[in-house]
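Colleague: Please take me through the terms used for this model.

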Amino acid sequence: MCGFINFDRKEGYMALNRREFTQLTTAALVSQLLPNLNAQSSTQPLGYAMVGLGRISMGHFMPGLKDAKQSKLTGLVSGHRDKAEKNAAEYGVPTSAIYSYENFDSIRDNKAIDAVYIALPNSMHAEYTIRAAKAGKHVLCEKPMATSVDDCKAMIAACRDNNVKLMIAYRCQLEPTNLRAIQMIRDGMLGSVQAIESANGFNIGPDWRLDKKLAGGGPLMDVGVYSLNACRYLTGEEPQVISAYSSVIDKDGRFSSVEENVGWTMKFPSGIVASCNTTYGGQMNGYFRVHGAKGSIDMDSAFGYQGQHLTAQIGRDNRIDEPSTARDPSQFTRQADYFADCVRNNKEPKMDGQEGLRDIQYMAEIYKMAGVAF
């Protein structure tokens with residue numbers, strides 16, 4: 001099945017030519033692309049309260065704050081007091097800044113908390129974004145933004161009405177190797193782009209993400225959003241036509257409420273076509289491949305926390321091979337400081353609520369075309 005959709009074109013990535021890029025180290029690149037992130041802030045670092053103590057928060061975001069220049073951990077929100085106290089001791093957070101989900105709203109009284117990082121199951125993103133906004137706290141929310149279009153719109157409205165910033169955690173839009181691919185395309189190194197291929201997935205075990213009430217859907221609502229978002233930031237366009245299919249192959253009980261596989265194609269206004277796949281049933285090392293009239297780009301481990309590796313063939317003789325040397329949790333450090341810079345300087349994040357809303361709108365269309373209830 002295929003459907004026609006109509007959204008405005010999305011613009012805007014900072015220019016950087018190939019020679020300038022290749023001469024820069026990762027740290028210097030971040031400094032040029034995202035001004036002030038490597039300089040010590042002239043004001044107090046932005047204080048984050050961690051909402052949800054799971055894998056991504058304890059294993060990646062919080063360790064990333066240890067290297068941040070403009071950000072620090074100042075609060076914890078968890079349903080497990082013992083886990084929160086252990087992390088509070090490690091990060092120097094006072095026990096008075098540990099909150100439960102029940103007394104979450106009292107963060108409004110803690111002046112050391114400027115923002116929250118929401119790393120809860122997808123279906124809880126809207127509730128805690130809205131509650132944080134009403135408490136006067138800025139919001140950095142994990143993707144996908146929410147589990148419905150209406151929830152996304154309510155999140156945007158709550159943040160607007162309470163004059164706080166909202167950013168969705170699309171860390172790949174700040175990752176230097178992904179930025180390199182974007183700039184190569186914008187500089188015309190590939191000529192006219194014709195097609196994009198992308199995939200991302202893994203073989204899932206028992207997990208909350210298999211519960212549709214918590215996750216909102218299967219792999220599309222988890223790792224599939226990376227391929228969808230990448231096609232948008234690589235083209236700088238919004239898809240006009242979408243077709244999609246879904247399937248469940250493994251009848252082992254894991255997929256009683258969510259799909260196992262989703263494949264979809266998109267056509268963009270320029271005529272670029274994209275083909276994407278995502279799965280919870282097999283290993284897919286997240287990647288994208290961009291084909292142009294003059295050459296192609298291959299990005300392996302495009303969406304991982306580290307290990308990005310860009311190769312390209314431009315014409316017959318120009319072969320590019322650029323592995324990233326950055327290591328986890330550097331992407332989370334960059335993301336935290338980027339949002340801090342937006343808050344301190346009253347700038348709108350490029351990965352704002354509208355960006356998250358668009359992906360949910362497109363995923364709703366993908367599910368519709370695949371015949372899956374959303």
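This is a predicted model: local features need pLDDT of at least 70, side-chain atom pairs count only at pLDDT 80 or more; totals for chains, interfaces and linings use all residues.

Modeller: Residues are numbered from 1 along each chain as its sequence is written, and side-chain values use heavy atoms, without hydrogens and water.

Colleague: Why is helix 6 called roughly antiparallel to helix 11?

Modeller: Helix 6 (residues 149–161) and helix 11 (residues 353–370) pack at about 175°, with axes 9 Å apart. Angles over 145 degrees count as roughly antiparallel, on a scale from 0 to 180 degrees between N-to-C directions; helix 6 is therefore roughly antiparallel to helix 11.

Colleague: Which residues of helix 6 and helix 11 meet?

Modeller: With contact meaning heavy atoms within 4.5 Å, Val149, Cys152, Lys153 and Ile156 in helix 6 meet Gly353, Gln354, Leu357, Ile360 and Gln361 in helix 11. By class, this contact of helix 6 with helix 11 has 5 nonpolar, 3 polar and 1 charged residues.

Colleague: How do you know that strand 2 and strand 5 pair?

Modeller: Pairing requires at least two DSSP bridges; strand 2 (residues 46–51) and strand 5 (residues 115–118) have 4 bridges, in the parallel sense. Both belong to an open sheet of 6 strands in the order 4-3-2-5-6-7.

Colleague: What makes strand 4 and strand 7 edge strands?

Modeller: Strand 4 (98–99) and strand 7 (166–168) each pair on one side only.

Colleague: What packs on the sheet?

Modeller: Helix 5 (residues 125–134) does, touching strand 2, strand 5, strand 6 (138–141) and strand 7.

Conventions
Helices (H or I, at least four residues) and strands (E, at least two) are DSSP runs, numbered from the N terminus. Angles under 35 degrees count as roughly parallel, over 145 as roughly antiparallel, 65 to 115 as roughly perpendicular and the rest as oblique. Ala, Val, Leu, Ile, Met, Phe, Trp, Tyr, Cys and Pro count as nonpolar, Asp, Glu, Lys and Arg as charged, and the others, Gly among them, as polar.
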